[in-house]
Amino acid sequence: IPITPFPELHAHSPFKEEYAKKIDLLIIRENAQGLLMTREKIKNTKMGKKVGGTFYFDEPLCKKFVEMCYEAARKRKKKIMFLIKGDVWDTKKIGGLWLNLWKDVGKQYPDVVFDWEHEDTWFGYFMMHPEHYDVVAALGLAGDMITDPIATLAYGTRALTPSANIA
């Protein structure tokens, strides 16, 4: 999802024009798997209903996503920020899968700077310094939660944000 405010829309942004001009992002969301694709289950018990679910990340699909992000960053400012809830997702399991893929695939892209941040704290950093970020890679739900507010900040509405699902 590219988010670059059009000069004609700066007046609609809730931010000052100088701030809105600094926003130039490409947000890439992983929507093919993970939390947004949870298989939900309902179980009736004596105490009431239990609702839960399971989700998975398939390593080849994750690798394809990581490669796509590196390719996009190479064509822009050569910076990637990966958002993950690292303090919740064990770095030996889900977090480890993702962070190891970024590190391994990144060896093929020595010209691209990779960093990661907790998805909830990143938004505050972005609010203070949007010019520090270029390609932002996010897993489904986090990506979904940041794109609308950022588009609203940039354009004054979320309705003008271009987006696409790429298989």
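Is Phe 123 buried, exposed or partly exposed, and what is its relative accessibility? At 23% relative accessibility, Phe 123 counts as partly exposed, where buried means under 20% relative accessible area, exposed over 50% and partly exposed in between, with a 1.4 Å probe and protein chains only.

This is a predicted model, in which local features need pLDDT of at least 70 and side-chain atom pairs count only at pLDDT 80 or more, while totals for chains, interfaces and linings use all residues. Residues are numbered from 1 along each chain as its sequence is written, and side-chain values use heavy atoms, with hydrogens and water left out.

Rings of Phe, Tyr and Trp (its six-membered ring) pair if their centres lie within 6.5 Å, and planes under 30 degrees apart count as stacked, over 60 as edge-to-face and the rest as tilted.

| Pair | Centre distance | Plane angle | Class |
|---|---|---|---|
| Phe 65 and Trp 98 | 5.7 Å | 90° | edge-to-face |
| Phe 123 and Phe 126 | 6.1 Å | 40° | tilted |

Phe 123 and Phe 126 both lie in helix α4, three residues apart, which is about one turn of the helix; helices are DSSP runs of H or I with at least four residues, strands are runs of E with at least two, and both are numbered from the N terminus. Phe 126 is buried, its relative accessible area being 0%.

Phe 65 and Trp 98 are both buried, and they also belong to one aromatic cluster, whose members include Tyr 70 and Trp 102.
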